[in-house]
Structures are given as C-alpha cells and as structure tokens.
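Thank you all for coming; I would like to walk you slowly through one structure this morning. Please have the sequence and the model in view while I talk.

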Amino acid sequence: MPDPGRAALAVRHAPVAGAPRVALVHGSMDRGQSFRKVERRLVDLDLTVYDRRGYGASSAAGTATSIAEHVEDLLVVLDGRPTVVVGHSLGAVVALAAAASRPGTVVAVMAYEAPLPWEPWWPRDSAGGRAVGAHLDDPPAAAEAFMRTMVGDRSWERLPASTRAARRAEGRALLAEMTAIRRPPAPLDLRRVAVPVLSARGAASAPHHRRAAEVVATGVAHGELAEIAGADHGAHLTHPDEFAALVRRTVAAVPGRRRSSP
C-alpha cells in the first residue's frame, strides 16, 4: 500500500520539455518556497521543489525519524527519473545520501554547506546542537531557539505572530532530524558517493560550515569545491544569481550533458 505520509508531500514541478531535470531540497526549519529567487533564474530547466516531511505544506505528512526516511521521500519525488539534486544545508545531506543509494536517479549533486555533526570537530554549540541540547523535551522552544540562532533575535521578533507560531509548530520535525543526524552510525558515507558533486560554501559562512564543504569536496569520488563571495549560510536567499550559476555548473558536470545557457 502507498505510504500516506509520502502521498501528502507538497511538490511543485515546473516541466520544461527536453531540459535537464533539477530538484531543490531545503534545509532544516525551511521550505521549498525559500528557493523562489533561484527558481526565477532557472526557468529553462525542468525544476522540482518540495517541502520536506514535517515542514511547510508537508506538515501533514508527519515526522521523519531518520535521514533515510528523508532520502526515501526524495526518491519518491524523483520517481526514478535521472535528476541533478541541489541540497541546501541538511537538504544537502539528504541529496548526497540519495546519490550514494541511487546513483542512476541522482546523477549529480550540488551540496551547499552540508552539515557534518557526526564529525568530532563539529561544534557542540551549533544551531542544531543547541536545539537538541537545551530543548529536547520542548519542540516549539527548540524551533524558536534554532531560528533565533540562524536569523537573529531581532529578525525573529519582527516576524508576524502567525509565522512564529507556524515555525514553532515545526519543532518536532527539527528535533527528529537534528537527533537523527547525530545518532550513530553516520547517515552518510561520502566514499559511497560516485556521482559528480559540487560542494559549495559562502566566503562569510561560519568556520564549521566552510570546513564541512571542503570535507565533502575531498571525501567524494568526484568532488569540486566552490565559494560564493560575500555569502553566508543563506546564499540561496542573498546571492541567488551566484547560487543559480552553481546549479548550472553542476548540470554541466553530468557526463554527456551540454552546458545549459542562462
């Protein structure tokens, strides 16, 4: 029988006949909507964007308790069709793990600052670490603490009350994936990723995010490191032109694929 949770995933597909297929996977406490600026710069590509389980319009799909479940969700969305997968933050971990699992479907990956909290050098006081460490029994508080760390107290407090409430309601999904990504065994073995990978980072990003991008680039079989000048962890929001250019660069890296024109 079909999984009702996966059936409830909110997916947007903008088909373009004959164009390379690209899927965009968002990070923690985010939703597909955050890629809108990037999408507007990639209208000639066949784009698929979705809200991951537990977030945004996919809240009704319930909560994934492992990264493997998020991988399965992504593979269901891709439906076996060869696709370049672009992942931001935790979405990049999902993309890389899917590539290791199904290289015939995930044919290349752009991973923007994939977090690696299972590594011993990863700081315990990162946004995810604080959420898990201080608010494990209070999902709404964990969500708020995460958002305050990521966007700052002033930006959080300026959000409409309805938006803050919606984000706090996603705390269960946040805690589930922040716990899963830290629980042994590691959810991703970079050595098993055989497809081309463009690992990207922002020049102004936190040191652990910058280091993680380098580890990904050197840890996969066919990796390359790229950097967006002036950007931090939210490059898809602040530097959509540069982010979109890296998506095209990843598409061009697929064997047999000609470079797509802007």
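A search of the whole structure finds 16 salt bridges, where a salt bridge is a side-chain nitrogen of Lys or Arg within 4 Å of a carboxyl oxygen of Asp or Glu. Before I go through some of them, please keep in mind that this is a predicted model, in which local features need pLDDT of at least 70 and side-chain atom pairs count only at pLDDT 80 or more, while totals for chains, interfaces and linings use all residues. Residues are numbered from 1 along each chain as its sequence is written, and side-chain values use heavy atoms, with hydrogens and water left out.

One of these salt bridges joins the side chains of R12 and E39, at 2.9 Å from N to O. The two residues lie in distant parts of the chain, 27 residues apart, with R12 in strand β1 and E39 in helix α2, residues 36-39; helices (H or I, at least four residues) and strands (E, at least two) are DSSP runs, numbered from the N terminus. E39 counts as buried at 12% relative accessibility, whereas R12 is partly exposed at 28%; here buried means under 20% relative accessible area, exposed over 50%, and partly exposed in between, with a 1.4 Å probe and protein chains only.

Another pair is R249 and E224, whose closest N and O atoms are 2.4 Å apart. This pair also links distant parts of the chain, since R249 sits in helix α12 (residues 240-252) and E224 in strand β7, 25 residues apart. R249 is partly exposed, with a relative accessible area of 33%, and E224 counts as partly exposed at 39%. Salt bridges that share partners also join E144, R148, D153, E157 and R168 into one network, and within it the side chains of E157 and R148 meet at 3.0 Å, N to O.

Let me turn to the sheet. How many strands does the open sheet have, and in what order do they come? There are 7, in the order β1-β3-β2-β4-β5-β6-β7, with mixed pairing, and two strands pair if DSSP finds at least two bridges between them. Strands β4 (residues 83-88) and β5 (residues 106-112) run parallel and are joined by 6 bridges, and V86 has M110 in β5 as its bridge partner.

Finally, in helix α3, the buried residues include I67, H70, V71 and L78. Just after α3, D79 takes a positive phi of about 55°.
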